[in-house]
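Please read this briefing alongside the sequence and the structure. The points are grouped by topic.

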Amino acid sequence: MLRRDTSRSYQEFSDGEGEQIPDLCQNDGLDDGLDDELDDELDKLEPGESKDDSEGSETEVVASYPLMGFDKACLKNIFSALLILIYLMLTTGAAFLAYQTITDFMEKLNHPVMSVTYKEVDLFEPAGISLYRGKAQLLSCKHYLHDHIPPLDSPGVPEIGDCVTEEVNYTAPYSNHTTRKALVIQGPKDVRNRELIFLQLSLNLTQEDFSAISYMLFFKFSDLINSRHKPNFMQDCERNYSRWTFSGGFRTWVKMSLVKTSGKGMESVEFRQETGVVKYNDKRPDPQRTNELFFVVFQWRDPFIQEVQDIVTANPWNTIAILCGVFLALFKAADFAKQSVKWMIKLRKRHLKRRQRELTYIS
């Protein structure tokens with residue numbers, strides 16, 4: 001008897017007083033168990049209660065369950081929409097991170113960082129000192145130690161020297177009509193004992209407008225000696241090394257330093273120098289002063305070779321690891337969005353099917 005009244009009352013509630021739950025806020029499986037839950041609530045009523053009391057309790061229970069379904073369904077759908085929005089934001093951030101990672105890697109790969117180290121040595125390879133003296137005459141070339149140069153006994157007079165020299169004639173690399181006459185001298189090597197080379201030259205000023213002699217430094221004097229074609233070797237040196245000058249009437253002290261640069265499969269050697277100039281007090285008789293005297297000293301500055309290397313700071317393994325993590329996050333986000341959309345579509349279809357069944361039953 002109670003079951004019959006319950007069915008009648010629920011049918012009346014559905015026809016007249018039932019609330020319309022929005023399509024968005026529906027919970028899957030909630031309406032399927034609504035009748036069973038109503039029966040359980042009504043079974044708890046005492047046998048002595050009247051029919052009117054039973055109907056009133058039934059109405060309260062039925063009225064409370066649509067609100068509970070409304071709240072749960074809305075919370076689930078809103079939470080799903082928030083999750084999709086969050087994952088879309090994370091996907092956008094992951095794509096930007098991947099782009100930024102690739103950009104930084106290419107930037108570091110194309111612009112390596114320079115690393116400078118200093119290598120200490122006891123002996124240098126004797127450098128080549130190429131003098132382009134023109135019409136000047138080499139009067140003397142001597143080696144000294146410990147920065148000591150004795151006073152000049154007879155300036156302007158040729159003396160016997162102890163230098164190793166080599167004369168080379170070659171065509172200028174940038175002009176086919178100019179012939180170079182180079183006097184190549186073996187440079188100092190004992191940097192610990194402060195070895196130096198002192199050169200004295202003389203030039204007649206009556207035929208010259210300017211009193212200056214140019215010179216060039218290259219890496220190894222032995223490379224010239226061992227070269228099979230010395231003119232070509234000197235042409236290559238002139239293309240790769242700079243030329244300097246020293247003036248007459250002064251003692252020019254040249255302190256050399258060596259810089260090696262390597263990177264991108266290429267190696268180069270550069271000479272850097274510090275020059276000190278001191279005026280020479282010429283005490284010769286006036287007739288002899290028509291010949292200008294040149295004094296130049298070559299010496300290593302310190303026992304260190306500066307090595308410059310191009311280092312690529314971009315780590316490919318680190319970049320690959322970051323990109324793998326980014327793409328994994330993208331795939332996970334795409335999979336989650338796909339499953340969420342399928343779940344919402346399935347929920348919508350179930351709700352429409354359930355409402356159609358209820359409307360058919362009521363009619």
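Arg239 is partly exposed, because its relative accessibility of 41% lies between the limits of 20% and 50%. The model is a predicted one. The side chain of Arg239 meets that of Asp236 in a salt bridge, with 2.8 Å from N to O. Asp236 is also partly exposed, with a relative accessible area of 40%.

**Salt bridges**

- Arg239 and Asp236 both belong to helix H5, which covers residues 230–240. They are three residues apart in that helix, so about one helical turn separates them.
- How many salt bridges does the model contain? The count comes to 13 salt bridges.
- Another of these pairs is Arg133 with Glu167, whose closest N and O atoms are 3.4 Å apart. This pair links distant parts of the chain, as Arg133 and Glu167 are 34 residues apart. Arg133 sits in the loop between strand S2 (128–132) and S3, while Glu167 is in strand S4.
- Is Glu167 buried or exposed? Glu167 counts as exposed, because its relative accessibility of 57% is over 50%.
- Salt bridges with shared partners join Glu120, Asp122 and Arg192 into one network.
- Arg301 has a relative accessible area of 31%, so it is partly exposed.

**Disulfide and cysteines**

- How many disulfides are there? The count comes to one disulfide.
- The disulfide is formed by Cys141 and Cys163, and their sulfur atoms lie 2.0 Å apart. Like the pair Arg133 and Glu167, this pair links distant parts of the chain. Cys141 is in strand S3 (residues 137–144), and Cys163 is in the loop between S3 and strand S4 (165–171). Cys141 and Cys163 are 22 residues apart.
- Why is the disulfide of Cys141 and Cys163 left-handed? The disulfide is left-handed because the torsion about its S-S bond is about -90 degrees.
- Cys141 is buried, with a relative accessible area of 5%. Cys163 has a relative accessibility of 18%, which is under 20%, so Cys163 counts as buried too.
- Cys237 counts as buried as well, at 5% relative accessibility.

**Residues 78–99**

- An unreviewed UniProt entry places the feature "transmembrane region" at residues 78–99.
- In the model, the chain over residues 78–99 is 100% helix and 0% strand.

**Second largest pocket**

- What is the volume of the second largest pocket? The volume of the second largest pocket is about 280 Å³.
- The second largest pocket has a lining of 13 residues. Those nearest its centre are Leu152, Arg251, Tyr280, Asn281 and Phe295.
- By type, the lining of the second largest pocket holds nine nonpolar residues, one polar residue and three charged residues.

Definitions and conventions
Residues are numbered from 1 along each chain as its sequence is written. This is a predicted model: local features need pLDDT of at least 70, side-chain atom pairs count only at pLDDT 80 or more; totals for chains, interfaces and linings use all residues. Side-chain values use heavy atoms; hydrogens and water are left out. On a 1 Å grid over the protein atoms alone, a cavity is a set of points where a 1.4 Å probe fits but cannot get out, and a pocket is an open set with protein on both sides within 12 Å along at least five of seven lines; lining residues have an atom within 4 Å of a point. Grid points are joined across faces, edges and corners, and a volume is the space filled by probe spheres set on the points. Ala, Val, Leu, Ile, Met, Phe, Trp, Tyr, Cys and Pro count as nonpolar, Asp, Glu, Lys and Arg as charged, and the others, Gly among them, as polar. A disulfide is a pair of cysteine sulfur atoms within 2.5 Å. Helices (H or I, at least four residues) and strands (E, at least two) are DSSP runs, numbered from the N terminus. Buried means under 20% relative accessible area, exposed over 50%, partly exposed in between (1.4 Å probe, protein chains only). UniProt positions are given in the numbering used here, feature names are shortened, and annotations may be inferred rather than shown by experiment. A salt bridge is a side-chain nitrogen of Lys or Arg within 4 Å of a carboxyl oxygen of Asp or Glu.
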